[in-house]
Amino acid sequence: MAKTCIVCGQAAGSGEHVFPASLGGRRVNSGIYCPKHDNSYSGLVNEIAEQLDFLNAYLGVRPDHSKHPKTAYGEHTLTGETVSISAKEIKFTKPRVISRTAVGEGEELHLAFPNQQSVKQFAKKMEDDGHEWTPLSKPSARPYITGSIHHKRKFGGACGLGAIAYMTQTFFAQEFPELARSGTLSNFLNYTQAIAKVAALGGCEQQPEEREELIEARAAVTVALEPFGGTAPIWWDFSPPAGARANKFEFGHRVTVGIDGFDGQIYGRVALFSTLTFAVHLGTAPQGSATREVTVDIDPLAEHPPHDIDKHQVLSAPGRVQVPEHATEGLANALADGTQQRAFANLLERL
Ligand SMILES: [Zn+2]
């Protein structure tokens, strides 16, 4: 089958990740997007990667483009300094002054450095800046206990949901290549393209005074959402399909895509770390479409294929979704009754 971009129909490039590389996706697919449209989603991918950064850092996920596990940054509660966190180590990012004492014309400093390299950089900077200084002792390495570290992250939001919608659409195109190119997804693609533009322009957070380009991009999202009654066709979902099996991997993600031939519903579900759960309504398949559902569990800790995913297919639609009347109702309930907080606390504990 010809590999064409599902957005524009031009020849597709190759080498894009099915599950984002920054989240530990290891599978490279050939032929879902042209280079331009593959790139158009990078703002959304960056947004979801930022939202999940410290979870991936705790877990030790290695982004597929990197040799090193993910690093995130937090604030050291005691000193207010920035610390970097990875599964390997937690360290301060800058030299810290432990004490300073006036001595004659100058002062005596007691400093702590994140590592030996930082000591050398400091010494070089002192010399470059023309400071006269003498080391009073050799640096010695010593581990320390950081105490509590503070992070604040927001999950979801227009761009976070847009990123999940994009991931779902990519998996759908992977599993249902013909339907993805039949025009059936056109409204959905308009929506993901529109929100991707907002993300690319740095508009995931509302800015005080927004430039014309961003205002236009926001207006385009509103227009793109009209066919969906004004709300994004993706929502936080707390009604998993009955009898769904547990994720194959301890810290696995799951993406489900399917078609219910009964009424043509094209649907998707995404569960990140089995904890952050979303449902998606991608469109309606033509009459006579076969019922089929594909579920892929993804291990973000796998080093490489083939054991990075676990895929199942059924000729039924157990995961079909119920589009809620109010998109945020399920989330509001899950927050109010503590369901989501418990799920998240459980994840953090396991991490
Ligand atoms: Zn394209």
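A contact here means heavy atoms within 4.5 Å. Among contacts in the chain between residues at least 6 apart in sequence, 62% join residues at least 24 apart. This is a predicted model, in which local features need pLDDT of at least 70 and side-chain atom pairs count only at pLDDT 80 or more, while totals for chains, interfaces and linings use all residues. Residues are numbered from 1 along each chain as its sequence is written, and side-chain values use heavy atoms, with hydrogens and water left out.

Start with the whole chain. The C-alpha trace spans about 90 × 45 × 40 Å along its principal axes. The chain has ten helices and 14 strands. These are DSSP runs, numbered from the N terminus: helices are H or I with at least four residues, strands are E with at least two. Of the 351 residues, 42% are buried. Buried means under 20% relative accessible area, exposed means over 50%, and partly exposed lies in between, with a 1.4 Å probe and protein chains only.

Next, the domains. Domain 1 covers 14-55 + 154-350, and domain 2 covers 78-147. These bounds come from an automatic or database domain assignment. The C-alpha centres of domain 1 and domain 2 lie 44 Å apart.

Now take an open sheet of four strands. Its order is E5-E4-E3-E8, and the pairing is antiparallel. Two strands pair if DSSP finds at least two bridges between them. Strand E5 (90-92) and strand E8 (149-150) stand at the edges. Each has a single partner strand, so one side of each is left without a neighbour in the sheet. Strand E3 (residues 72-76) and E8 run antiparallel and are joined by two bridges. Glu75 has His150 in E8 as its bridge partner.

Turn to the packing. A nonpolar core is a set of buried Ala, Val, Leu, Ile, Met, Phe, Trp, Tyr and Cys residues joined through side-chain atoms within 4.5 Å. The largest has 67 residues, and Leu44, Phe172, Leu272 and Phe278 touch the most other members. Helix H5 (residues 157-175) gives this core its largest share, ten residues. Apart from it lies another core, of five residues, including Tyr267, Ala279, Ala317 and Val321. Back in the largest core, follow Leu272. Beyond four places away in sequence, Leu272 touches Phe19, Ile48, Leu52, Ile164, Met167, His253 and Phe278.

Helix H7 (residues 186-200) comes next. Its 15 residues reach 21 Å from first C-alpha to last, close to the 21 Å expected at 1.5 Å a residue. That expected span is 1.5 Å times one less than the number of residues. Buried residues of H7 include Phe188, Leu189, Tyr191, Ile195 and Val198. The buried residues of H7 pack against helix H1 (35-40), helix H2 (42-51), H5, helix H8 (212-225), strand E9 (234-236) and strand E12 (276-284). Gly202 follows H7, with a positive phi near 75 degrees.

Finally, two single residues. Asp310 sits in strand E14 (residues 309-314). Asp310 counts as buried because its relative accessibility is 19%. Beyond four places away in sequence, Asp310 touches Lys248, Phe249, Thr295, Val296 and Asp297. The C-alpha atoms of Asp310 and Thr295 are separated by 8.2 Å, and the two residues are 15 apart along the chain. Ala345 is found in helix H10 (residues 339-350). Ala345 counts as partly exposed because its relative accessibility is 42%.
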